[in-house]
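What follows is a guided reading of one protein chain. Please keep the sequence and the model in view while reading.

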Amino acid sequence: GLIFYDTKITVMNRVLNATVQRTADHAAPEITLDPLEIVGGEIRSSENSYFCQAARQLACVPSSQLCVKLASGGDPTYAFNIRFTGEEVHGTSGSFRHFLWQVCKELQSSSLSLLLLCPSSAVNKNKGKYILTPSPITYAEEQLFHFFGQLLGIAIRADVPLPLDLLPSFWKTLVGEPLDPDVDLQEADILTYNYVKKFESINDETELEALCAEIASQHLATESPDCPNKPCCKFTYLTMTGEEVELCPRGRHVPVGWENKDVYATAIRSLRMRELQTPECMTAVRAGLGSIIPLQLLTTLTPLEMELRTCGLPYINLEFLKAHTMYQVGLMETDQHIEFFWSALEMFTQEELCKFIKFACNQERIPFTCPCKDGGPDTAHVPPYPMKIAPPDGAAGV
């Protein structure tokens, strides 16, 4: 927290350029994607997704071949090139950026099961925010999480912000910062947070009985074995994926009473914190990320800084866009049609601005910072910035 973000990124960029492993002598790996597999935007099987198509083809490519210099100037060098079956694309930048955009769309949809919509989203808190799916993983899923980690590193080297909406708990765990049992639980699952708080704030057995009766009305409690008509809770709870689990040995047979209500609340909180940390999944993600960028770099970044470096800002900053726009010979910022252009963009909603950026340069987000503002020797713009505005094609200037 004592070092400015820009300073950290300058050091990070130098380290990334010093850890390049693929030299100019080696051709970039190339993968072939079949757009017909996702025609109409609906993926019939997760195996057909761009994410899985790419993961299969890059599984046999050494990670050293994906460690390239930071993208800069002209048509930059990316970790791999993409060829779309049946399509002719000029250059490599557009198709690469489109691939990253499509993959993020797939990750945040029902077509892949690596990410899970956070439970708080159901009650309009952190709507549209995701976490890693907290469940035991197979070897095949471990490989996909590894590839997900690689994509995070690849996007950092390419300086293409990923349109991913992940909870802060993901970035905390990624950089090795401990989770807050109160704040992070409330962010991820406010219903469970409120449920636990109710048990922690009970003052006497009468309140406990009333709470169990309230829970019973929601079909979450059963009758007490001692008093058949008296509702009680058992030491079980639902995981984020909807599976009922026991919070202690033989938990289905252990009723919650005045003596153990705090143990019950603590057990539920611990269950959710384990699910948020997802050690198996996160280990695979960090291993993938570490194969592209040195993990030691993460120790200097806060979770928010890591998110900004990887995903940029989820909104379009028009001032940034204006500052990184070039006008070809004969055009000036004061020309009437240029002023009309910026006035039109100023009237766009954020959703419309994202669509404009996607139309203009095949990515939804713009970088959080740009090295060109420093004016140093390493200040080459990362395409597609600066945005270039050319004169009209018509001879009459229409």
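A residue is called buried when its relative accessible area is under 20%. By that cut-off, seven of the eight residues of helix H5 (residues 168–175) are buried, so H5 is largely enclosed by the rest of the structure. The model is a predicted one.

The buried residues of H5 are Ser-169, Phe-170, Trp-171, Lys-172, Thr-173, Leu-174 and Val-175. What do they pack against? Their partners are strand E4 (130–132) and the helices H4, H6 (183–188), H9, H10 and H11 (303–311). Just after H5 comes Gly-176, which takes a positive phi of about 85°.

Helix H4 covers residues 139–158 and helix H10 covers residues 279–290; their axes are 6 Å apart and form an angle of about 45°. That angle makes H4 oblique to H10. The crossing in which H4 passes H10 is right-handed. On the H4 side, the residues that meet H10 are Glu-142, Phe-145, His-146, Phe-148, Gly-149, Gln-150, Leu-152 and Gly-153. On the H10 side, Cys-281, Ala-284, Val-285, Ala-287, Gly-288 and Leu-289 take part.

Helix H9 (residues 261–277) holds Arg-269. Is this arginine, Arg-269, buried or exposed? Its relative accessibility is 11%, so Arg-269 counts as buried. The side chain of Arg-269 makes a polar contact of 3.0 Å with the side chain of Asp-182. Leaving aside neighbours within four places in sequence, Arg-269 is in contact with Asp-182 and also with Pro-181, Leu-185, Val-196, Lys-197 and Glu-200.

Pro-76 sits in the loop between helix H2 (50–58) and strand E2 (81–84). With a relative accessibility of 5%, Pro-76 counts as buried. Pro-76 and Ala-158 are 82 residues apart in sequence, yet their C-alpha atoms lie 8.3 Å apart in space.

The chain as a whole can now be described. Its secondary structure comes to 14 helices and 10 strands. Of its 398 residues, 46% are buried. Among contacts with a separation of 6 or more, 66% are between residues 24 or more positions apart. The chain exposes about 20300 Å², and carbon and sulfur atoms supply 55% of that area.

Methods
Residues are numbered from 1 along each chain as its sequence is written. This is a predicted model: local features need pLDDT of at least 70, side-chain atom pairs count only at pLDDT 80 or more; totals for chains, interfaces and linings use all residues. Side-chain values use heavy atoms; hydrogens and water are left out. Helices (H or I, at least four residues) and strands (E, at least two) are DSSP runs, numbered from the N terminus. Buried means under 20% relative accessible area, exposed over 50%, partly exposed in between (1.4 Å probe, protein chains only). Contact means heavy atoms within 4.5 Å. Accessible areas come from the Shrake-Rupley method with a 1.4 Å probe; for residues, only the protein chains shown count as cover. A polar contact is a pair of N or O atoms within 3.5 Å; within protein, one must be able to donate a hydrogen and the other to accept it, and residues adjacent in sequence count only if both atoms are side-chain atoms. Axes are lines fitted to C-alpha atoms, for helices over the stretch in contact, and angles run from 0 to 180 degrees between N-to-C directions. Angles under 35 degrees count as roughly parallel, over 145 as roughly antiparallel, 65 to 115 as roughly perpendicular and the rest as oblique. A crossing is left-handed if the near helix is turned anticlockwise from the far one by less than a right angle, and right-handed if clockwise.
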